[in-house]
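Me: Got a model open here and want to go through a few spots in it. Can you take my questions as they come?

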Amino acid sequence: LETWRYLPIDGMRCANGTDSGVFVNVTDASDDLVVFLMGGGICYDDISCNLPPHRDAILNAMGSDPLAWWNGNGERHTGIFDRDAADNPLRDASYVVLPHCTLDFHLADKLSTYAGFAPLEQVGYRNVQHAISAVAPTFEHAGRVVVAGFSAGGVGTLGNYHQIAQVFESFGQPSPYLINDGGPVQTRPYYSAASHNAVRSGWGLADTVEQWCTGCAEFGNHETWRSIHALHPGVRSAMVCAYGDQVVMGLYSLFDPLGNPQHFTTELIPFFPFVRISMRAGLIQLNTFVQGVPTQGAHRSFYYVGERHGALTAAPFSATPGLADFLSAQLNDDASWTSVIP
């Protein structure tokens, strides 16, 4: 109990062809479960895959000792994984963590060919299927189930929520809670059609996410929110992000082959020197869009001023004032749960 272990799972693979699995930390403190999708890196075309940090992540995957790789990862030590933090609303949950060694935001199921590489197994979407099939029966009688993710894993929560939720709902469970940390997929024009099409093509999303997201192909992947709430009307979902998240803004410019400057404008809001207007406006529009989706559940956003990438595992809860209370209200089905939009 309460010890990190690595569980290899048949069928799970990293991009470089090595075997993959999940990291588990089980407790008897409660029946709650967190399914967490890790972030890290992006690879969808010749340029993005060959950027030094992404190329190294592809070639090295989790190394020869996946548990040592996870134990050395900063995400393991803080935020929702800190069982000793009294303000952590998920400190008594069991944790199942999926690595992001496919660099496809957990969204693809294809063999990819990019310059400088042997064919890569970008099978993040299929990895989630294998992981949940293996793990879910252990938690058939879980209390609260939370699907959460950071950065690329935040986007992965949107792309994989449906297939994860289906499994737990088949056990008679209510729809899991959803927390996307630092992985906003904004509405147009804040996230352009060119960006969307580049990723859609690179990862073959027509064969994965678009199988259940009815509006994604035409309008953009922010439509995952609409389909999630339509297919799982009881879900209580949350978007957590900093207005000036430097990694998100960098990725938006990377996604956009036209280099559309509205994704990384340096125009500033007076008195808030770290807040980019385009990023803030896009996040607010995203919140408006999702809260307008008809649902029996609810959606709220927690936005904060700053440039830090991530809040659930990137820092202790004390570093993001109000976040612990926000998540507690979400997870306790508090009727007074409200968005935080400074």
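Predicted model: local features only at pLDDT ≥ 70, side-chain atom pairs only at ≥ 80, totals over all residues.

Me: Start with Ser 151. Where does Ser 151 lie?

Reply: Ser 151 sits in the loop that links strand 7 (145-150) to helix 5 (152-170).

Me: Buried or exposed, that Ser 151?

Reply: Ser 151 is buried, because its relative accessible area is 10% and the cut-off for buried is under 20%.

Me: Which residues is Ser 151 in contact with, leaving aside neighbours within four places in sequence?

Reply: Gly 39, Asp 181, Gly 182, Gly 183 and His 309. With His 309 there is also a polar contact between the side chains, at 2.7 Å.

Me: OK, on to helix 5. At what angle do helix 5 and helix 8 pack?

Reply: About 20°, with the axes of helix 5 and helix 8 (residues 223-231) 10 Å apart. Helix 5 is therefore roughly parallel to helix 8, since angles under 35 degrees count that way.

Me: Left-handed or right-handed crossing for helix 5 and helix 8?

Reply: The crossing of these two helices is left-handed.

Me: And which residues in helix 5 meet helix 8?

Reply: From helix 5, Leu 158, Tyr 161 and His 162; on the helix 8 side they meet Thr 224, Trp 225, Ile 228 and Leu 231. By type, the residues of this contact are 5 nonpolar and 2 polar, with no charged ones.

Me: Changing topic: helix 11. How many of the residues of helix 11 are buried?

Reply: In helix 11 (residues 323-331), 7 of the 9 residues are buried, so this helix is largely enclosed by the rest of the structure. The buried ones are Leu 323, Ala 324, Phe 326, Leu 327, Ala 329, Gln 330 and Leu 331.

Me: What do the buried residues of helix 11 pack against?

Reply: Four strands are listed here: strand 7, strand 8 (177-181), strand 9 (236-242) and strand 12 (298-304).

Me: What about phi at Asp 333?

Reply: Asp 333, which follows helix 11, has a positive phi, near 55°.

Me: Last one, Thr 78. Where is Thr 78 found?

Reply: Thr 78 is in the loop between helix 3 (66-71) and strand 4 (94-98). Thr 78 counts as buried, because its relative accessibility is 13%.

Me: And which residues does Thr 78 contact, again leaving aside neighbours within four places?

Reply: Leu 312, Thr 313, Ala 314, Ala 315 and Pro 316.

Me: How far apart are Thr 78 and Pro 189?

Reply: They are 111 residues apart in sequence, and 35 Å apart in space from C-alpha to C-alpha.

Technical notes. Residues numbered from 1 in each chain as written. Heavy atoms only, no water. Buried < 20%, exposed > 50% of the residue type's maximum accessible area, 1.4 Å probe, protein only. Polar contact = N/O pair within 3.5 Å; in protein donor to acceptor, adjacent residues only side chain to side chain. Contact = heavy atoms within 4.5 Å. Axes fitted to C-alpha atoms, helices over the stretch in contact; angles between N-to-C directions. Parallel < 35°, antiparallel > 145°, perpendicular 65-115°, else oblique. Left-handed = near helix turned anticlockwise from the far one by under 90°. Nonpolar A, V, L, I, M, F, W, Y, C, P; charged D, E, K, R; others polar.
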